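Here is a short report to read alongside the sequence and the model. Have the viewer open as you go.

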Amino acid sequence: MAELVYPPVIGAAHALFRALDIRIDMKGAENIPRQGGAVLVSNHIGYLDFIFAGLTARPQKRLVRFMAKESVFRHKVSGPLMRAMKHIPVDRAQGETAYRHALDSLRAGEIIGVFPEATISQSFTLKSFKSGAARMAQEAGVPLIPVALWGTQRLWTKGRPRNFKRSHIPVTLRVGEPIEAPTDQYAGAITRRLRERVQELLEAAQRAYPVDRKDAEGAWWQPAHLGGSAPTPAQVKEAG
């Protein structure tokens, strides 16, 4: 079936990024398989992460179907778009339905996008991963593709106003090599290996991020352990 909505939405996103002069540095896109199913797994630091994570598949001419909160599909604007792009609604009270939908899509050769932290990390550090992505990959017999995003939090994130001004914000994307998910391994062990790889990619993205150290010192979008003023994971937990 022809994709009537997803490509124009991608085109609109590219136009917006050009208008905002967002400087995207992407490496590793060749690790996205040209065909067949895969679970794309990314860290989660901003509301636009699904757009940027999805961009990593475009060089290979692939589309990513993301698993997202069911409430997004009820919104009068985002809902019709999400459904038309064949993203997958996740109702936490009935998560098994979304899981089965994702499995069917993987077996049909689709790439499914997952944020295994489940929610945005307000400390901008990597939270613990839920094992659902690894279990899906095992059951569908497909690889896991680790992805790290950095800079997207500066555009729009939890607890901060949107910044859609022409502010030349850089965004760094890193894609790692596929990780196999054999069925004879414990899903928890695969999840730990996956998180370690995303952490490595995140640190690489942070090192490559083209911002002067003085600009990052004390910045709200920079994690505390890198000299920023973002709350630590402990502070987020205490506040929350």
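## Around Pro223

Leaving aside neighbours within four places in sequence, which residues is Pro223 in contact with? The partners are Ser123, Phe124, Thr125, Trp150, Gln206, Gly228 and Ala230, where contact means heavy atoms within 4.5 Å.

Pro223 sits in the loop between α8 (213–216) and α9 (233–239). Helices here are DSSP runs of H or I with at least four residues, strands are E runs of at least two, and both are numbered from the N terminus. Pro223 has 0% relative accessibility and counts as buried, a label for under 20% relative accessible area with a 1.4 Å probe and protein chains only. From C-alpha to C-alpha, Pro223 and Pro233 are 9.5 Å apart in space, and ten residues separate them in sequence.

## The chain as a whole

This is a predicted model, in which local features need pLDDT of at least 70, side-chain atom pairs count only at pLDDT 80 or more, and totals for chains, interfaces and linings use all residues. Residues are numbered from 1 along each chain as its sequence is written, and side-chain values use heavy atoms, with hydrogens and water left out.

The chain holds nine helices and seven strands. Its radius of gyration, taken over C-alpha atoms, is 17 Å, close to the 18 Å from the globule rule for 240 residues, so the chain is as compact as a globular protein of that length. That rule is 2.2 Å times the number of residues to the power 0.38. Of the 240 residues, 47% count as buried. Among contacts with a separation of 6 or more, 74% join residues 24 or more positions apart.

Terms used
Buried means under 20% relative accessible area, exposed over 50%, partly exposed in between (1.4 Å probe, protein chains only).
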